[in-house]
Amino acid sequence: MAQRPLCIAGNWKMFHTPKSSAQFVFSLKKHLSDLDFPSFQEKHPLDLLLFPPYTNIGVMQQLCTSYPISIGAQNMHQKEEGAYTGEISGIMLQEMGCSYVIIGHSERRKYFFEENSLLGEKIEAALAQGITPVYCVGESEEERTEGKAFDVVEKQLREALESSSQIFKKEILVAYEPVWAIGTGKNATPEDAEDMAQHIRSVLKLLGNEAFGNSTRILYGGSVKPNNIGSFLEKENVDGALIGGASLDPESYASMVKVAMEITQK
Ligand code: PEP
């Protein structure tokens, strides 16, 4: 089991309205009430993160002010302000109370053509606002079949992180999300996730230093569900999960949190 605090993160993509987000929070609290999650969390390190669409951040933030769930955003612009119609900046998120932001999800890379160097700028901009970036990396099916998965992920890390001056002094999270596993029902094996997490950790040590590599939390994402999350969380170098589809339902998210609570207590 990992030594770093586990992190159970839900990426809602373009699902849930402000109203249904509020219902989610009420229902989640109910599902976790038998285990008294807030008291548990005071004694055991376990982080719950939810990444709703921008429009729902305010209401969720309010509903979670006295409840230990952090609310984050799914993306942000690299500039602080400017004539960029439709964009949202780090300072805006920070003022909304966001403490995390997902950067470089494979859907951003695919549909919005976001590349590693731009993602590096976004990571820097998030850190400058005191927001912890969750940087997503992962190979395509073809790249895995061709035996290039480790190289692809290393390139994604290097090109985004190596020019940063502040990165190794602050916290970031890395989410390993093989593209072929996202939303497909075809998860990586826990052994493959562990191998890649080990590789990511060694690249982080090379890019930064030993302490940065050892302390950075690495999540696995890709068709994580209540019935398979435990096998990932048990792995030494996997420090949590980034979950899409299965995080949309409060009962399903709560059951994954319960698995993480059990593992955290071991
Ligand atoms: C994701 O959106 O980051 C993700 C991993 O999705 P899913 O869990 O649905 O595969």
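On a 1 Å grid laid over the protein atoms alone, a cavity is a set of points where a 1.4 Å probe fits but cannot get out, while a pocket is an open set with protein on both sides within 12 Å along at least five of seven lines; residues with an atom within 4 Å of a point count as lining. Grid points are joined across faces, edges and corners, and a volume is the space filled by probe spheres set on the points. The structure searched here is a predicted model, in which local features need pLDDT of at least 70 and side-chain atom pairs count only at pLDDT 80 or more, whereas totals for chains, interfaces and linings use all residues. Residues are numbered from 1 along each chain as its sequence is written, and side-chain values use heavy atoms, with hydrogens and water left out.

So much for the ground rules; now for the holes. Searching the whole structure turns up one cavity of 30 Å³ or more. The largest cavity holds about 40 Å³ of space. Its lining includes Gly104, His105, Ser106, Arg109, Cys136 and Glu177. Helix α5 (106–111) and strand β5 (132–137) each give at least two residues to that lining; helices (H or I, at least four residues) and strands (E, at least two) are DSSP runs numbered from the N terminus. By class, the cavity lining splits into four nonpolar, five polar and two charged residues. Here Ala, Val, Leu, Ile, Met, Phe, Trp, Tyr, Cys and Pro count as nonpolar, Asp, Glu, Lys and Arg as charged, and the others, Gly among them, as polar.

The largest pocket has a volume of about 420 Å³. It is lined by 14 residues, and Lys13, Met14, Gln74, Arg108 and Phe112 are the closest to its centre. Helix α5 turns up here too, with three residues, the largest share of the lining. The second largest pocket comes in at about 330 Å³. Among its 15 lining residues, Ser106, Arg109, Lys110, Ser140 and Val179 sit closest to the centre. Once again α5 gives the most, this time five residues. Six charged residues join four nonpolar and five polar ones in this second lining.

What about the packed interior? A nonpolar core is a set of buried Ala, Val, Leu, Ile, Met, Phe, Trp, Tyr and Cys residues joined through side-chain atoms within 4.5 Å. Buried means under 20% relative accessible area, exposed means over 50%, and partly exposed is in between (1.4 Å probe, protein chains only). The largest core has 71 residues, of which Ile8, Leu157 and Ile200 touch the most other members. A second, separate core of 12 residues includes Leu49 and Val134.

Strand β8 (residues 240–243) is buried as well: Gly240 and Leu242 point one way, Ala241 and Ile243 the other. In a regular strand the side chains alternate between the two faces of the sheet. Strands pair if DSSP finds at least two bridges between them. β8 pairs in the parallel sense with β1 over four bridges, and Cys7 stands opposite Gly240. β7 (residues 217–221) also runs parallel to β8, over two bridges, with Tyr220 partnered by Ala241.

His16, in the loop between β1 (6–11) and α1 (18–33), has a positive phi of about 80 degrees although it is not a glycine. Because its relative accessibility is 25%, His16 counts as partly exposed.
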